[in-house]
Amino acid sequence: MAVTHTWSVSDQLQTRTQDGLSEVVFSVVWRLNSEETVDGKTYSISSANQISLNTDNLDPATFTSFADLTEAQVVGWAKSTIDANAAEGEGVTCAEWEAGHDRNIAKQINPPTAVETAPWATANP
C-alpha cells in the first residue's frame with residue numbers, strides 16, 4: 001500500500017482589512033498528515049507550520065468573501081505559497097514535504113537501527 005498524504009489548514013484564519021476589502025486572509029496554519037497501513041498497523045507522521053499568504057495585488061472582481069471560502073481553496077493558497085517560497089530558496093516544496101514523510105514512514109516500517117539488550121545483561125537483575 002502507498003502512503004496517503006492529506007493537506008489541511010486550521011479553521012482559525014488570520015484576517016485583516018486591505019485595499020478596501022474586509023476579512024482578507026493573510027496567514028494560515030497548514031498541516032500535512034501522512035499515513036500508511038501495513039499488515040494492520042498504521043504508521044503516521046504529521047507536520048504543521050504557519051505561513052503568510054501573498055495578498056499583493058488583490059482584485060476585487062475575483063476576491064472571495066470570507067463567508068464563501070472553502071478549506072480546499074485555502075489549502076490551495078497555502079500549498080501555492082509553500083511552492084513559491086521554495087522556488088525563491090525559502091524552504092521546500094509540497095512534493096518535498098511529502099517525500100520526507102514517505103521516507104519517515106518507510107523508516108518506521110523498516111527501522112534502520114535497533115536497540116538490543118547486551119548479551120551480558122541479565123533478564124532479572
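Is Asn85 buried, partly exposed or exposed, and what is its relative accessible area? In this predicted model, Asn85 is a residue of helix H1 and has a relative accessible area of 22%. Asn85 is therefore classed as partly exposed, since the buried class ends under 20%. When neighbours within four places in sequence are set aside, the contacts of Asn85 are with Ile51 and Glu90. The pair formed by Asn85 and Ile51 is separated by 34 residues in sequence, and the C-alpha atoms lie 9.9 Å apart in space.

Ile51 has contacts beyond its neighbours within four places in sequence with Phe26, Ser27, Val28, Trp30, Ala78, Thr81, Ile82 and Asn85. Ile51 also belongs to the largest nonpolar core, which comprises 14 residues. Within this core, the residues touching the most other members are Trp7, Val9, Val28, Trp30, Ile51, Ala78 and Ile82. At least two core residues come from each of strand E1 (4-9), strand E3 (21-38) and helix H1 (71-87). Val28, Trp30, Ala78 and Ile82 are among the residues in contact with Ile51.

With residues up to four places away in sequence not counted, Ser47 touches Trp30, Arg31, Leu32, Trp97 and His101. The side chains of Ser47 and His101 form a polar contact at 2.8 Å.

Conventions. Residues are numbered from 1 along each chain as its sequence is written. This is a predicted model: local features need pLDDT of at least 70, side-chain atom pairs count only at pLDDT 80 or more; totals for chains, interfaces and linings use all residues. Side-chain values use heavy atoms; hydrogens and water are left out. A polar contact is a pair of N or O atoms within 3.5 Å; within protein, one must be able to donate a hydrogen and the other to accept it, and residues adjacent in sequence count only if both atoms are side-chain atoms. Contact means heavy atoms within 4.5 Å. A nonpolar core is a set of buried Ala, Val, Leu, Ile, Met, Phe, Trp, Tyr and Cys residues joined through side-chain atoms within 4.5 Å. Buried means under 20% relative accessible area, exposed over 50%, partly exposed in between (1.4 Å probe, protein chains only). Helices (H or I, at least four residues) and strands (E, at least two) are DSSP runs, numbered from the N terminus.
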